[in-house]
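This report describes the strands, the nonpolar cores and an aromatic pair of one structure. The sequence and model are shown first.

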Amino acid sequence: MNAATLDPDDVLARYTVPDRTTPHLRVNFISSLDGAATHDGLSGGLGDDADRLVFDTLRMLTDVILVGAGTVRAEGYGGIRFTDEAVSWRVAHSLPEHPPVAIVSGRLDLDPAHPVFTEAATRPIVITHAQAPAERRAELAEVADVLVCGEASVDHALLVRTLTARGYPQMLCEGGPSLFGSLLTADAVDELCLTLAPLLESGRAPRIAGAPEAAPRRMHLAHALPAGDTLLLRYLRAREL
């Protein structure tokens, strides 16, 4: 099976969560065979059509897209707008047409004029902490819902509880490595969707998670789907199998 022959309906079925009411945080990343999270500084440099299909499918399934401020800047995030087909699917399944993007930032080094705010189909969310600059919080509150989760730094376990309480139990984290690592440290990750790109990158590219204080935890393979030389992996926490 290659990328061109992947069945979108099969991919959708493989990644659908049976119970959408139970809080579930999934993380989606791509990596080279030797563990690099980027090619030429961007994760998008590793991707292909198969990875893009999974990327789009996971977005269609989620209640909220969670991303770090650095990834928003580096990867060129704009407003999230789905195809008509994806919108129709979401409406048919009693979901809003587009999920909000929730941007995690301690320093609030975000431009209110950035396309992630100005081009958004749904009002974005900014997640920060109580000691973040008050002036920056006020500026961003003009273009996003600003949520305070933590006192001197972002409390990632509280972040998950807050998003769930706001009606977003299905959460999709798209990176970057620092945010993924912080979520691992908080023991908040329920699922990892990992695309293995057929490339040996070497160099100084980071790993997909960066948090030396996070405790290791064992995951269980839900599926391994080959698409040409690319491998689409889905891992779940043991309690979910």
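## Strand β1

Strand β1 is covered on both faces: His24, Arg26, Asn28, Ile30 and Ser32 on one side, and Leu25, Val27, Phe29 and Ser31 on the other, are all buried. Buried here means under 20% relative accessible area, while exposed means over 50% and partly exposed in between (1.4 Å probe, protein chains only). Helices (H or I, at least four residues) and strands (E, at least two) are DSSP runs, numbered from the N terminus. Because 9 of the 9 residues of β1 are buried, this strand is largely enclosed by the rest of the structure.

The model is predicted, so local features need pLDDT of at least 70 and side-chain atom pairs count only at pLDDT 80 or more, whereas totals for chains, interfaces and linings use all residues. Residues are numbered from 1 along each chain as its sequence is written, and side-chain values use heavy atoms, with hydrogens and water left out.

## Strand pairing

Two strands are paired if DSSP finds at least two bridges between them. Strand β1 (residues 24-32) runs parallel to β6, and 4 bridges join the two. Within this pairing, leucine 25 is opposite methionine 171 and valine 27 is opposite cysteine 173. Strand β1 also runs parallel to β7 (residues 191-197), to which 7 bridges join it; here arginine 26 stands opposite glutamate 191.

Strand β6 (residues 170-173) likewise has both faces covered, with Gln170 and Leu172 buried on one side and Met171 and Cys173 buried on the other. Strand β2 (residues 64-68) is joined to β6 by 3 bridges, and these strands run parallel. Cysteine 173 of β6 has leucine 66 opposite it in this pairing.

## Serine 32

Serine 32 belongs to strand β1 and is buried, with a relative accessible area of 1%. Its side chain makes a polar contact of 2.5 Å with that of aspartate 34. A polar contact is a pair of N or O atoms within 3.5 Å; within protein, one must be able to donate a hydrogen and the other to accept it, and residues adjacent in sequence count only if both atoms are side-chain atoms.

Neighbours within four places in sequence aside, serine 32 is in contact (heavy atoms within 4.5 Å) with Leu46, Leu196, Ala197, Leu199 and Glu201.

## Nonpolar cores

A nonpolar core is a set of buried Ala, Val, Leu, Ile, Met, Phe, Trp, Tyr and Cys residues joined through side-chain atoms within 4.5 Å. The largest has 35 residues, and Tyr15, Ile103 and Phe117 have the most contacts inside it. At least two residues of this core come from each of several elements, including α1 (8-15), α2 (49-61), β2 and β8 (219-227). Helix α2 supplies the largest share, 5 residues.

A second, separate core of 29 residues includes Val27, Ala37, Val104 and Val154.

## The aromatic pair

The whole structure holds 1 aromatic pair. Phenylalanine 29 and phenylalanine 180 form this pair, which is stacked, at 5.3 Å centre to centre and 25° between the planes. Rings of Phe, Tyr and Trp (its six-membered ring) pair if their centres lie within 6.5 Å; planes under 30 degrees apart count as stacked, over 60 as edge-to-face and the rest as tilted.

Phenylalanine 29 lies in strand β1 and phenylalanine 180 in helix α8 (residues 177-185), so the pair ties together parts that are 151 residues apart in sequence. Phenylalanine 29 is buried at 8% relative accessibility, and phenylalanine 180 is buried at 4%.
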